[in-house]
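Have a look at the picture, then work through the points below.

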Amino acid sequence: MRSLRFATAAVAAVALSVPLVAGTATAGPSAGRQAAPHSEARFDRLRSAAPEGFYVGTAVAGGGHHLEQDYPDPFTSDKEYRKILGRQFSSVSPENQMKWEFLHPERDRYDFKAADAIVAFAERHGQVVRGHTLLWHSQNPAWLEQGDFSKEELRAILREHITTVVGRYAGRIQQWDVANEIFDDRGTLRTQDNIWIRELGPGIVADAFRWVHEADPKAKLFFNDYGVESVNAKSNAYYALTQDLLAQGVPVHGFSVQAHLSTRYGFPGDLEQNLRRFDALGLETAVTELDVRMDLPESGVPTDAQQKQQADYYRRALSACLAVEGCNSFTIWGFTDKYSWVPVFFQGEGSATVMTEEFDRKPAFYALRSTLKAARED
Ligand code: XIL
C-alpha cells in the first residue's frame, strides 16, 4: 500500500471512507452504501480503485470555451455529468471558474458563485480541490491587462486578489497552482506576455507563493505548466528555479505537469524520470490536466487502433505518477468528449478524453481503472 506521505492525504482519505450519497450503476443507493469494501460496485469507480492517499481528479467543465458553445453550463445543468463527476473522482479542478477573468471581472468586484458551488460539491462528495490559478499570462480580465496601473498598484492588486481568493477557501483547497506557465518552450521566463513578471520583475513569483502561503498555510503550492513532461529546456528551467526558491525558504511545495498529450508527438517516455528529479528535491509532483488528442478520421470516430494507442498513453502517464512516491494527485482535463476543450483549440484533433459524448467508457477509462487497481493491490 502507498504510504500516506502528507497530512492532507490522510485527512481526505478519511473523507473518502464516508459513504457516498449517490449509488452505483449496478446497485441502488442503499445497496451501494452497504457494499462490502471489495465488491465489484465499489471498484467500479476510479476513485475507489485508487491506492489510499492517491487522488484521481478531473477538470470541472464551465466558463472559458464553454461559454461559446450551444449548451448550458455543464456543471450546473447536466445531471448525468454531475453524477459521474461525483462518483468517479476524488479530486476536482475548476476548469476556468477560479481564473482571474472569471473570479474578478471588475477591479472592485469578485464573482465567487461558480467557484463556491464547485467547492461545496467537492465537500459533499468527499473530494479535494485543486485551485487553478493565481499568476498567469492568460485569461486575465481586460481591466487588468489594459489598465494603466503603477507598479505599486499592480503589486497591491495581485496581493489583494490572492489574499481574498485564497483566504476565502483557506483549509478547503488541497493544492493551488500558484504560478501557471511562467516559462516559454525555450525555458525563458515570460517577461513579455506575463503582466506580473513584465511589470514587477521575476521576484513577484516568490512573493506570490509567500502571499498564498500566508492566506492558507495548509494548501500545497505548485508550479504548473505544459510541455514539461520530459526532461527538456522548460522543465530544466523549473528545476533550477525551484531549487533556488527552496534555498531561499520560499514556500514552494510542488511541481506539476499538465500533460496535454497528442498522439502526433509520441508519449514522453521520460516522464517518470522527470518527476523523480523534482521528487528528489522534496517536492510533491502531480499530473494536472491529462488528455490525449488524436487526428480524427473523416468519420470523426477513432479507429480501434487509435483507441488502443490512447489507452496506452493514459496508462503510461498514470503509471509514471504512481511510481513516484510524492505524486499523489492525477487529474484528467475533463472526462467526456462532450465538453472537451480539444476540438475548439486544436483543429482536426479530438476524442481526447476517457468517455464519449454519450458518456460511454473508452478503453482509456478501463486502462486507468485497471492500473489503479493493480497499484492498490501491490
Ligand atoms: C483551458 C480550458 O479548458 C478552456 O475551457 C479555456 O477556454 C482555455 O483554457 N492549460 C491550462 C488550462 O492551464 O487552464 C487551460 O484550460 C488548458 C491549458
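Predicted model: local features only at pLDDT ≥ 70, side-chain atom pairs only at ≥ 80, totals over all residues.

**H10 and H12**
- Helix H10 covers residues 151–168 and helix H12 covers residues 203–215; their axes are 9 Å apart and the packing angle is about 30 degrees.
- Angles under 35 degrees count as roughly parallel, so H10 and H12 are roughly parallel to each other.
- Where the two pass, the crossing of H10 and H12 is right-handed.
- On the H10 side, the contact includes Arg155, Leu158, Arg159 and Ile162, and they face a group in H12 that includes Ile204, Asp207, Ala208 and Trp211.
- Sorted by class, the residues in this H10–H12 contact are eight nonpolar, two polar and four charged.

**H15 and H17**
- Helix H15 (residues 304–322) packs against helix H17 (residues 363–377) with axes 8 Å apart, at an angle of about 30 degrees.
- That angle makes H15 roughly parallel to H17.
- This crossing, H15 with H17, is right-handed.
- Among the H15 residues in the contact are Gln307, Gln310, Ala311 and Tyr314, while H17 brings residues including Pro363, Ala364, Ala367 and Leu368.

**H14 and H15**
- H15 has another partner to look at: helix H14 (residues 271–279) crosses H15 at roughly 25 degrees, and their axes come within 9 Å.
- H14 and H15 are therefore roughly parallel to each other.
- H14 goes past H15 in a right-handed crossing.
- Leu271, Glu272 and Leu275 of H14 make the contact with Ala317, Ala320 and Cys321 of H15.
- By class, that H14–H15 contact has five nonpolar residues, no polar ones and one charged.

**Around the ligand**
- How many residues surround the ligand? There are 16, and the closest are His65, Glu95, Asn96, Lys99 and His132.
- In histidine 65, a side-chain N or O atom is 2.7 Å from an oxygen atom of the ligand.
- Glutamate 95 has a side-chain N or O atom 2.4 Å from a ligand oxygen.

Technical notes:
Residues numbered from 1 in each chain as written. Heavy atoms only, no water. Axes fitted to C-alpha atoms, helices over the stretch in contact; angles between N-to-C directions. Helix = DSSP H or I, 4+ residues; strand = E, 2+ residues; numbered from the N terminus. Parallel < 35°, antiparallel > 145°, perpendicular 65-115°, else oblique. Left-handed = near helix turned anticlockwise from the far one by under 90°. Contact = heavy atoms within 4.5 Å. Nonpolar A, V, L, I, M, F, W, Y, C, P; charged D, E, K, R; others polar. Near = heavy atom within 4 Å. Polar contact = N/O pair within 3.5 Å; in protein donor to acceptor, adjacent residues only side chain to side chain.
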